[in-house]
Structures are given as structure tokens and as C-alpha cells.
Amino acid sequence: AAARATEMERASTEREKTGVFTGSRAVNPATGERIPIWIADYVMTTYGAGAIMAVPAHDQRDFEFARALRLPIRVVIAPAEGPVPDPATMLAAIVAPGTMVNSGPLTGTPGEAAVQRSTAYLEEKGIGKAAVAFRLRDWLISRQRYWGAPIPILYCDRCGVVPVPEKDLPVLLPDVPFIGKMGLADISGYADTTCPRCGRRARRETDTMDTFVDSSWYYLRYISPHEDEVPFVSADANRWLPVELYVGGVEHAILHLLYARFITKALHDLGYVAFDEPFKRLFSQGMVCHTAYKCPDHGWLYPKEAVALRCAKCGKPVETAYFSMSKSKRNVVEPAEIIARYGADTVRLYTLFMGPPDRDIEWSEDGIRGAWRFLNRLWNLVLGQLPRISPVREDPDPRGFDPAAAALWQKLHVTIKKVTEEFAERLGLNTAIAAIMELVNEISAYVERPEANAALVRRAIHDAILLLSPFTPFLAEELSRRVGEERPVLETPWPVHDPAALVGGEVEIPVQINGKVRARLRVAAHAAADPDALREAVLASKDVQERLQGHEVQRLIVVPGKLVSIVVR
Ligand SMILES: [Zn+2]
Ligand SMILES: [Zn+2]
């Protein structure tokens, strides 16, 4: 009976434990104690060798087994708080970490060091050593369905199992209309073939491979998509791989990624690739969530079927809940409708702007309208500036900048740096977009100035378009053409920030008191361009404070980037 228990049954703590004493004993090499050997029905046959040292005080299933069969229980880990429990009255195993007790020379070892010190002790005594145990099992890859790579095997009554000769590879899926859950065995004639060894009639294997087989090495095939003779060219794979960044749902982390890593490691050991990990970095994106509506009679409703929180079919009040978008809960947004109304670039921009890409985010119609308005503002800005920037060919010269120009120049370079770093490191694409929006706002404010530097405006608009291009590729391409770029955006180098521009220059601001210049302040260009910051900087200046002593400030006029005038009494 013990041998027949399934793994699920074995793992259960609900089930009553049964077992038989073998009559044999093992010697504990650490203490010399003789320990009874039992056959039990709850030990995992796949765990280690399938024979375990029971620890009844600290494993719930060992505890239940010991209780059921009246075996001794010895506490060897004391809980962090309170006295060491009496085994006779314990109700459950103590599984929390704690300090080792009743453990000979190891007594007193704190929980965090217990594994390492116990292992070291065994190694020192020459009675054991640390080992890594793998739980690798065979992978059954055959599937009884159409979609998958056919397994290139034939069956011949005389020759047995025969691999399809290499010259006949690959075995392609038959080109037939696909029906429901059809497998290759359902396609008449598919299995009939002749044996390549004896020429008699033979049958093809009709199972296909699990599609996890394909996804275990597709990244290698992508490198050599046109190769007919080999799956991939090692030299090319070694040049382009491993994959820098893998973006995928966290659900891939257990199956697909393990298979892919295993196959890569095997190919590495066999000498086909120089790397032994297929992906350098994994990024798991969050889900897009939306309100779901449920009618007590009609089940899940589409948003338009829930009018004013009532079912459009029967009028009953609906329940609402918040879930990641799924077809079954009908809380999805139809992309085609949204794209028709706002354009694909708006949807892209909004989706990436909604929140950090690794978190779940809530879809909102207001949000998408906000993204749409921003793109319209940008469009109008660029088209409105064409008369100013079209004649310009030269790059701006920061040495000739007035404070407002210096501030925009600094903002441009700060933004380039920020967006570039978000792509390269943090993947905070939402904050990258926010930074571009700020930049566009500053450009919009700057171009209102009659004395605006046309070369600077041209450069700022040009770079803003490039920075936005990964998010809104169509719009970026269109705007880029409109401002006179010959090259497609995709072939234009990514902008590079100038470290000197990040600091921002200082400008001299004259401070008038009652109409006479009484002080000249050095103020950071970006502060000088901002009325509040400039006012603060002037009032904080020691020089100005001394001159204002004993006077009452009646008026303070700030001309950003130019001058501060104070009227005192
Ligand atoms: Zn044969
Ligand atoms: Zn209803």
C-alpha cells in the first residue's frame, strides 16, 4: 500500500499516516545512535534517494507519522521566543527557524547559520558533505495535436522504429484545412509511407512535439532564419546572443524559461554555442486591469452591457470587480475601436504611460484622452514652428544663449539622459514619457518668446521627436519628415546628452533697488528663467538682504532671465 500512494497523497498532511517497521536500524554517524528504519507512505520517492532522516519535531508530516506510530519526538530547534516545547504535549511540528538545541556540539547555533555549520561539522568529521540535488525528470514531448513539429520517426513491421533519413527532413505538417482539435492521426493518408530501410509499407509517427520544444531554441533560429542546412550558425549565434533583455509574463519563469535554459546549457556543453544562459535579463511586465461587470442572471457583461451599473438585458443591478483584462470576464477593451478613435500611437503611448511596466495598471478612458491631447499639442507645436525652424540648418551655439535658452538647453540634455537611462537600465518607460512631456511643455513655453533662438528650437524639437519615437513611431516619422529630415527616424542616431549641458550655465541678474542697480547676482540659468525661483534666489542673497535691512519692500518685479526690481520704503 505504501508503494502505491501517489505523490499528491504522499504530500498531503490531511491523510492518516501508515507505516511498517522493517526491524532494521541505521547508525546516525554524528551521534552513533541506532535509529529504527520504517517504511512509510508519505515520503516522496523523488526526494533525494527516497530514503529520509525523519525530523518529527520540525516537519509536520514526520510529526504526524511519529504521533500515529508512537515514535520518539526530539526537539532540535528552539523557537525564537518562549521555552523549548515538551514533545509529549506538542500539537504540531515547529517549522519556524530558531536556535539549535539537543544537538551536541552544534547546540546554540543560530538558525541562519545552522545549515552551513552542520555541513561544515560533518565534513570536518569526514562523515558527510554538502551536495546539490537536482530534481530533473524525463520530459514527455509528444502531443496528440496538429500544431507542433512532427516527430521525424517511422514504424516498420520489419525494421521497427526508424528515424526519418536526414535528406527527408524536415517533416512538414500536412497542408489541410484545420478542424477543431484535429491531430495528425485524424488526417487520412498522413501516416502512410514507405520504410527507408526495407522499402515496405511503414507508418509515420502522428504525434507532434510539445510547442515548448520550439520555444526552447527559437532565439537561436532567429539568428539564422535563412539557413537550410543547419538549425543555426554557431558563429552568428555567438556574435548576437545571449538575448540582452527578455520581456515576458512571470508565468514563463517556471516552464518555458527552464526548458530554454536547459537546451542552451546542453548546446553549450556539446560545443554548439559559447554561452550557457540564453537570456541575460528577465523583465516581467504587469497586467492591464479593468472593471468587470457581472449580472446575477447573465453572468459577465461587456462594459457597454452594464448601463448605469444595471444589466442592459434584464435591468438587474450588476456586481463590479477589478480584474486583469480577460476574454472570459469580458472586461476587455477592443483595441480596434480605440485605435480607430485615437490612433495606434496614442494607444501605445498611453499603455506605456499608465504606470511602471512591471506593475498592474488600470485602463482608463480619461488617460487615453490625455495621451491623445498631448500628441495633438506636440503636433501643433511642431507644425506651428515650421516657419521658424525650416530655414535653419546650423546647430545652436550654447555660448550665445540668454537665460531662457540656457534653461531649455539644459532641460533638453537632462531629458535625453533620463530617457536613455530608462531604456538602458530601469525600464521606467512611464517616467521617460513624463520627462518628454515636460520637455515638450518647456519648448512650448519657450517658443512664445519673440527672441527665441531658432536653432535651439529646431534642435529641441528634433530631439524630442527622436526621444518619443520608440513610443509613437508613426507620429515621430511623420513629424520628422515635416521638419525636413531626410533620413527615416529608425536610421537616425539616438540623441546623446552633453554632460556639460546638464549642469546648466549661470547668468548674471542685475537687481535694482528703487530704480538703481545695487547688486548683480550669479543665478543658475534654469532658476533665472523661472519667476518664483529667481525671486527666491534674489531674496536669499546676503548682498540683497543687507541692502534691504531697515526697509520695507513695497513691490518686487521679476523679469525672468533679465532683471529683478525692488521698490522699498
Ligand atoms: Zn523497414
Ligand atoms: Zn442580466
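**View 1. Arg204 lies over the face of Tyr190, at 6.0 Å from the ring centre.** A charge sits over a ring if NZ of Lys or CZ of Arg is within 6 Å of the ring centre and within 35 degrees of the ring normal. Lys329 is placed over the face of Phe323, 4.6 Å from the ring centre. This is a predicted model, where local features need pLDDT of at least 70 and side-chain atom pairs count only at pLDDT 80 or more. Residues are numbered from 1 along each chain as its sequence is written.

**View 2. Tyr218 and Tyr222 sit in helix α5 (residues 218-223), a DSSP run of H or I with at least four residues.** They are four residues apart, about one turn of the helix. Tyr222 is exposed at 60% relative accessible area; Tyr218, at 27%, is partly exposed. Buried means under 20%, exposed over 50%, partly exposed in between (1.4 Å probe, protein chains only).

**View 3. The rings of Trp300 and Phe323 form an edge-to-face pair.** Their centres are 5.8 Å apart and their planes at 85°. Rings of Phe, Tyr and Trp (its six-membered ring) pair if their centres lie within 6.5 Å; planes over 60 degrees apart count as edge-to-face, under 30 as stacked and the rest as tilted. Trp300 is partly exposed at 23%, and so is Phe323 at 30%.

**View 4. Four protein donors hold the zinc ion (ligand 2): Cys295 (SG), His298 (ND1), Cys311 (SG) and Cys314 (SG).** They lie 2.0 to 2.3 Å from the zinc ion. Donors are N, O and S atoms within 2.8 Å of the metal (3.2 Å for Na, K and Ca); water is not among the atoms, so sites may look incomplete. Cys295 is buried at 2% relative accessibility, whereas His298 is partly exposed at 36%.

Terms used. Chains are lettered from A and ligands numbered from 1 in the order in which they are written. Side-chain values use heavy atoms; hydrogens and water are left out. Helices (H or I, at least four residues) and strands (E, at least two) are DSSP runs, numbered from the N terminus.
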